[in-house]
Amino acid sequence: MGPMKNPPPVRRIVVDDEPTIVEPPKRRNGAAQTVKDAASGLLSAPRKREAKRGKVKERMRTEELGIAYAGKPAVKNVSLTVNQGEVLGLIGPSGCGKTTLLRSLNRLVDQTPTATRTGAIYLDDGDVDRLDVTELRRHVGMVFQQPNPFPMSVFDNVAYGLRERGSRRPSRAALRPMVEEALDRAGLLEEVKDNLTHPALRLSGGQQQRLCIARSLAVNPGVLLLDEPCSALDPRSTSIIEELVMKLRSDIAIVIVTHNLQQAYRVADRVGFMYLGDLVEYGDSDQVFGAPKAKRTREYVSGGFG
Amino acid sequence: MRRSRRPQLSNLPRPRLPRRNREVLSDEEIVPWSIGDRIGLAAAWFSGLLLCAIAASIVLYMLIRGLQYVQLSALFEHPVVQSTTTITGTGGGYLDPIEGTLILTALGTLIALPIGVGIAVWLSEYARPAGLARAVESGVEIVAGTPTIVLAIFGLLIFSKSAFGFLSFTAEGGAVFGRSFFIAGMMMSVIALPLIVGATREALQSIPAHVREASYALGKDKISTIRRVLLPASRKGIATGTTLGMGRIAGDTAIVILLLGATLTLEKQGTTPVVSTLKGTGSTLTSYVYGNSPAGEGNSPAKAYAAAFILLMIVILMNFVVDLMSRRRSDPWAR
């Protein structure tokens with residue numbers, strides 16, 4: 001976390017009441033100035049990403065995507081693209097629909113019986129509804145908030161996605177190169193290469209989360225969805241995972257949902273700010289944090305609410 | 001109960017009494033326990049201690065009596081049968097009852113385990129339609145609450161039908177007795193079932209939703225998620241339920257007396273090696289104790305004490321194993 005020059009504005013929390021948006025403290029020369037001051041603390045934080053991006057290629061796109069739970073809209077009319085070569089950060093206050101948006105990209109919202117969807121999602125220009133859901137999820141990996149390795153060995157965790165159900169099961173020897181490659185890409189191979197048969201649940205929290213990333217990478221997805229991947233981890237593990245995200249973004253399109261604005265600023269090339277189901281602002285990270293267009297975004301990134 | 005305002009032993013109010021004048025103390029300074037609370041606390045202490053005393057006296061009494069009469073050699077000797085139609089036997093050892101207990105426990109568990117795990121998986125992972133799920137749940141509860149003697153008489157009624165003759169001891173003329181290890185084992189599985197369902201279901205439900213989702217997110221369907229992730233993760237719960245069920249089976253008497261046939265030794269039916277025993281009749285430690293106790297026909301308390309001691313040891317051992325397993329059990333994803 002970078003040093004904050006200004007003390008953060010006071011958050012007022014009213015229990016059992018409509019969410020109250022607290023206006024940022026007014027100064028004589030207007031709100032914009034205030035926001036710039038507040039955001040300058042954020043902008044001076046060390047960034048993980050390099051200023052220059054590699055090749056950018058569209059992998060996923062949503063068109064007027066809407067998700068409702070039992071008729072109550074959670075995501076409204078969202079159109080955005082997910083590009084390989086850059087990290088898309090989704091920010092916004094709790095309950096704003098960013099996790100729902102993320103879970104719709106691999107159709108995990110289908111698990112919720114009351115969820116309905118409007119609009120379309122495209123993966124490499126193909127409608128995801130035309131794909132078998134298991135096929136889609138092989139192309140779009142996901143890592144969750146809580147590290148959740150399966151109760152089996154490190155090796156079996158990574159090999160889990162590679163093993164097909166039913167008849168011909170590939171042997172361990174055949175899987176080994178793929179498992180090691182995935183662990184290597186997740187930066188975990190050095191730490192576990194002698195203990196591949198150990199239970200995965202004995203690893204530390206940060207290692208478990210990298211194992212979950214390795215598990216997703218093993219099936220070679222084109223898109224990786226990260227749902228607050230560091231919120232259960234300590235700062236050191238968080239930093240390792242952020243480095244990893246930076247390394248991975250050139251081969252994989254990455255979407256990261258985070259509550260941590262500093263983290264979004266550190267790792268995201270492009271940022272989407274969501275509020276009450278709307279994608280309020282979507283653009284270059286520097287622009288969203290440095291010169292937000294919408295008032296809500298300005299308030300949120302300056303720490304006015306959330 | 002941590003937030004209960006009732007005073008507990010650890011936080012008894014300790015009013016500081018000024019030495020001089022007790023009369024001037026106001027009610028705010030001394031909060032005396034009401035008489036009801038005092039009686040309640042005493043009753044709680046008394047019941048806890050009483051239970052310990054009962055458990056200790058059972059174990060100690062059986063230990064003294066059992067060790068007095070138990071002979072190692074008797075564990076490996078067949079009982080001496082005076083008449084093939086009674087479960088009493090004054091001579092010999094208790095090899096047959098021990099074998100009977102082990103066979104019946106194994107058989108009951110083998111039948112109950114897959115069915116119980118299946119019911120638990122369905123209840124925890126599918127449970128649609130909701131009405132059917134409620135019906136299954138109450139079914140499990142009813143079975144759990146049914147006295148075993150009722151189950152036994154029900155089993156006798158069903159399995160005495162000639163259609164089930166292939167399962168049981170049959171007379172020369174073709175009459176179906178409805179008594180055999182098969183039939184007793186099946187009814188025994190019914191009493192172990194609710195315990196297995198309960199423990200497995202609890203274990204499955206303690207697995208966080210995101211673990212299931214992680215498997216779906218890797219392109220796996222529900223079946224392989226259950227098979228490869230959820231069942232391995234609930235292994236300890238399944239084992240706990242199974243062991244509890246085994247204890248119930250080993251300790252049950254009513255089903256044995258009604259459905260295992262009133263023979264002291266293992267009587268085989270037919271010639272096929274294993275099937276002949278399972279179709280045949282026999283006894284268990286529980287029926288042996290019953291038959292030889294002063295209440296039974298045998299009236300041979302020494303034998304009864306010894307057999308009861310062995311049974312108690314088996315059941316205590318099982319409970320001990322359960323305790324070990326549940327103590328190690330923890331939620332690996334909780335952080």
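Mentor: Two residues are in contact if their C-beta atoms, placed from the backbone, lie within 7 Å. The model is predicted, so local features need pLDDT of at least 70 and side-chain atom pairs pLDDT 80 or more, while totals for chains, interfaces and linings use all residues. Residues are numbered from 1 along each chain as written, and chains are lettered from A, and ligands numbered from 1, in written order.

Let us consider chain B, of which 18 residues are in contact with 24 residues of chain A. On the side of chain B that touches chain A, α6 (209-217) and α7 (222-233) each supply at least two residues (helices are DSSP runs of H or I, at least four residues, numbered from the N terminus). The largest share, six residues, belongs to α6(B). This side of chain B comprises 11 nonpolar, three polar and four charged residues (Asp, Glu, Lys and Arg count as charged; Ala, Val, Leu, Ile, Met, Phe, Trp, Tyr, Cys and Pro as nonpolar; the others as polar).

Helix α5 of chain B, residues 181-205, has 25 residues and reaches 35 Å from its first C-alpha to its last. Because 23 of those 25 residues are buried, α5(B) is largely enclosed by the rest of the structure (buried: 20 or more other C-beta atoms within 10 Å of the residue's own). At Ala192(B), α5(B) bends by about 35 degrees, and Pro194(B) follows within four residues (the angle between axes fitted to the seven residues ending there and the seven starting there).

How values were computed. Expected span 1.5 Å × (residues − 1). Buried ≥ 20, exposed ≤ 12 C-beta atoms within 10 Å, placed from the backbone.
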